[in-house]
Every structure is written in C-alpha cells, then in structure tokens.
Amino acid sequence: MLFAEIVTRGTFPLWLAILLIPVAIAISVLVYRTESMKISRNRRILLGTLRALTLILLLLLLLKPVWVGNITIKKTRPVAVLLDNSQSMSQIDPLRTTEDRVRVAIAAGKLKPDHGLELAPGELLSSSSLPRIELLKSALANEQLKLLESIRAKAPLQPYLFGSRLRGLPDNAKIAWLSSLDAKDPNTSMLDTARQLLDRDSMELPSAIVIATDGRDNFSKTQWEELAREAARLQVPLHIYGVGGAGTGYLELKDAPVNDTLFFDDTITVPFRYRAKGIQAGELELTVQLGDKVVATKRVPVKDGDDISETLSFILSKEQHTLGKQQYTASIKLVQGDEVYTDQVSKPVKVIDQKVRVLVIESEPRWEFKFLMQSFLRDRRIEPTFIITSGDRRALEAGAPFRPNFPDERKDLFSYHMLVIGDVDANYFTSDQRTWIRDFVSEGRGLVAIAGLNAAPATWVNTTLAELLPVEVESEQFSLVDKRPIEYQPQLTEIGKRASMMMLDDDRKISENTWNELPGWYWYYPVKKLRAAAIDLVVHPKDQLEDKSPMPLMATQYYGKGLVLFIGTDEIAGVTTKGRST
C-alpha cells in the first residue's frame, strides 16, 4: 500500500481572518450609530450591513485566507509483470527429462498444478516440445494455474513486453494482450527495462516486479548486482520465472551483427558469437539468410564455452538479390541423434544500389575533417559534399565536392542521407535551418556531431540542435594555450564492444585488442548527463558523471526515426597501432 498526504496551504490563516470579521462589523455599526443624517432605523441597518459586507470582502481579498487541511489517499501499488518478447524465446528446448515433460504438461493444462514432477508407475505422458514463447503463453492462460488472477487478487496488474525496449500493455481479465507476444524483438534489454521501473518517482513504484524470461540479455548496461541492490534499497521484490528446459545441453547465438544498410558487390563479413554448454562433439552449422535465400553457410566443430567466435563472409550480388527491405536471419544449428539444438537472430535490413549522399560541415579544416574527407572520397559507396564555414570562398564556389553555403531550401537539405557537423557555431544556421536539421533526423536520416574546442556543442546549448544530442552538456570555454592534459585510454562499453560501427576487425576479440592498443586521447568535451534513451559506446576510464557512471566520450540515440552519434573528442581520426590505420 502507498499512503500519500496532500496538504493545502495558503498565505494567511483562515482563523485570523474570521476573528477580524467582528471587528469589521463593529466598525460599520459604530459609523452608522454616530451618523448625524436623519434616516430611518431600517435604512440605517441596511446601509450598515452593506458597509460591513464590503469591509469583510476587502479583508478577505487583502489577507487571502486559505483553508489548511490534510487529505490522506490510500493507493495500492501495482505489480509489474515483464514478459520476454525477444527472438530467443522462439527457441524450442528438447525435453530430455521427465521433469521437463511434466513442467510442459502442467503449463499446457494437461496435468494439474499440484501433480508434482514425478510420474506414477504406469503413468504415461506424451508431451511435445513447445517454443519458449508458446510455453509462456500457455502457463499464463492456464485456468488451473491462475497465475495472473492470483496477482490481481492482491494488487493491480501492469503487464509489459520487453526486448529492445519496454512496452506497456492494457490489462484485462481476458488477457487478450497475450497475442502481442510474438518473439520478434532482435535484442534483449531485460535488466535495463527492469531498472526503468525502479527509476520511477516513489509515488509510481511497483510493489513487486515479476520477470518471465529465458535469461538471455545481450543489450543491457545494467548488471544483475546493480539491479538487485537498487530493488533491495527501494524494497521492491524481484521474482524471476524461468522459461526453458532444465537439461545440461545448451546452445545460444549471442550475436551475429550486420549493418542496417547493405550495398551490392560488397563483401559482407558476419561475426558469429555463440555459447555452447554440455554438448557432445559434433559439427555446428552457421547460416546467413536474406529473405528466402540462403546466402552463406559454414560448418565448424562444436566448442564448449561462453563466448565463442566464428566469422562467415559472402558477396551481395545483383544477380541473386533484389533492392529494398529484406529480412536478415543468422542461425546456428546442431543435430545430435534425436535432439536438435538451434538458435537464431534476425532483423530487417535495406539493400541498396546507390551512393550515400553525405554533407560534412566544419568551421576549419582540422585533422578530423581532413581524415573524413580523404576517407569519404575514396569510398565508392559515398558521394560527399563539404562546407568549411571559414574557408576560402573561391575554393568553396569552385564546385564539387565543395559547396559555399548550407542549403537555403528544405528540399535541398533532404536530398542528403547523412549530416556530419563539426566545430560549427549554432548561429551559423538560421532558426529555420536548425528546425530543418531536427526534421532531417526525426524523419529517418543520420547525424554525426563531432565536438570541438571553439563552438560545438558549447553554442548549441538551449537550441534545437542540443535536443538532438544523446547527451546533455553545458556551455564550456577552453583555453587556447597549448597545455595538453593527461593522456587517457578510452574504454569500450559492453554495448560498444558489440556495436558493428565500433568494430576495427571482423573478429571481436581482435577488435577489442586493437582498441586497447590505440594511442591515448587527451581532450574531451565534458558531458553533464546521458539521456534516458541513449547508449554510451566509449567512456573515460576515470572521469565520471554526477551519478557516478563513466563519462561518455561517444554515445548514440534514436531521435524520431533517425540515428544521432555524438563524438565528444576531436582526437579519433587517423591514429595507428602496429601499422593498422583506424
């Protein structure tokens, strides 16, 4: 139960105003008793009453008395039920033991809830395996178990689906919302979504959190220990309902990322990361599929471990594939006798046969700009255009790849696919142009913002441009004296290690080692806060935010339909390690 006390307070006690009312009446009576005019007694009483009422009204207006009272509201805190809707929930677990078969039969309503996990002599049970998501649906809809009804009997029920994000559902007795469980979310942020509920205002905290999941979490920044400590501090119990088999063999595809946009004639390398436990020797089949076509397959020996990596490559040819959106699916499969181990991840991707038009805006040709310029001009997939706000006008007006000014018309800006804005003053853009940039991103295009010493994001504060950033910053000024601070080694976050844009090698472990071998950085733009929906990719090894979390150096977030990347340093371009350019 949650008790809230509401107190209404005014500027002046009402009791004092009431005491002054007789004074106002006495003054009125005294005035009319001493009045020398000859008027009737009734009229004198009437006029005295009107004067008294006028004085009382003025008194109330001047003193503004307000009634002070306490109102106590009794509110039952809800129970939040989080249901795993990620792709791993589509996996089918083999029923190796009697206990597994009995559990499935109880969930499906074929056995009574109090049956126990043993079978009586002669008792036969023909339970078939179900996808985890169907097993969860059956358990929640089982009229004998009455899991949800028992929760509603104690507190209101708040159902949520989670995968890539948290989605609330309207509760009803017929649990029609179970049809929303389709196991299609490509990522799982189980711990982050549970933490979202704990970060609510104290008036909105749930009384308990129930999580129904297979335990897979590949996208959370929160750790189990952190979640448990916060739940204990707030006195919100956590109840975990595990979905899956109890057998010892286990195969899980943790990740197999590709870019959201694929180009024809590109060689695409897919880094598979999987976990295998308690599986006998054999061959594992890796498969990549676009739409209804298998584009690559590979067989590798099974290895036992928590973080195993394999790569698979293919060329996207025009003869075999069509343009537009397609479903990308990566899967692993192992058949051993009657048992089939399999798992997969999938997401929509876009196949294109055109160049990406990029507009790069910079105040002066600093090193970041020079590196991006050479990289973009060499890339056959990119059609770059450059603006230097303080550059030589004759060079900027000479034509491609330069242009003299930011687009004067909205449609001209929207002919590009991505913006890269460096150390550019917010006042370089008109108010309308800043609005166009916001719409440019929110309608599905990309923005990369690279911080600088002079203008960005210092001059962006309290403007439309600041709204786009995944971080909150304050206006900072930096000394022009060449006094470099202490060198530091940037650190990839767990999500940063898995992000394809941060990969410096097709092999994840080699990529991490490369990051660790990079020369250190010196300068960065301080961040006040990471926005709620943002993800930090690279952080400072020591410096922290006010909430004691690491200082973000690179962060990203979706703004509307578009993606924004903030780079809080100007020291990332062109460094090398052991001959490898980054």
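Five strands form an open sheet in the order β7-β6-β5-β8-β9, and their pairing is mixed. The model is predicted. This briefing covers the sheet, the helix across it and the nonpolar cores.

**The sheet**
- Strands β7 (166-168) and β9 (238-242) sit at the edges, where each pairs on one side only.
- From one strand to the next, the twist averages 25°.
- Strands of a sheet pair through backbone hydrogen bonds, either parallel or antiparallel.
- Strands β5 (residues 79-84) and β6 (residues 157-162) run parallel, joined by six bridges.
- Leu83 has Leu161 of β6 opposite.

**The helix across the sheet**
- Helix α6 covers residues 190-198 and lies across β5, β6, β7 and β8.
- Strand β8 spans 208-213, and helix α6 runs at about 165° to β8.

**The largest nonpolar core**
- The largest nonpolar core holds 66 residues.
- Four of its residues touch the most other members: Ile361, Leu413, Ile437 and Val538.
- Strand β26 (residues 550-559) is the top contributor to this core, giving five residues.
- Take Ile437, leaving aside neighbours within four places in sequence: Ile437 is in contact with Phe406, Leu413, Leu419, Ile421, Phe429, Leu465 and Leu468.

**A separate core**
- Another core, of 32 residues, lies apart from the largest one.
- Its members include Leu284, Val295, Ala296 and Leu312.

How values were computed: Residues numbered from 1 in each chain as written. Predicted model: local features only at pLDDT ≥ 70, side-chain atom pairs only at ≥ 80, totals over all residues. Heavy atoms only, no water. Pairing = 2+ DSSP bridges. Helix = DSSP H or I, 4+ residues; strand = E, 2+ residues; numbered from the N terminus. Axes fitted to C-alpha atoms, helices over the stretch in contact; angles between N-to-C directions. Contact = heavy atoms within 4.5 Å. Core = buried A, V, L, I, M, F, W, Y, C linked by side-chain atoms within 4.5 Å. Buried < 20%, exposed > 50% of the residue type's maximum accessible area, 1.4 Å probe, protein only.
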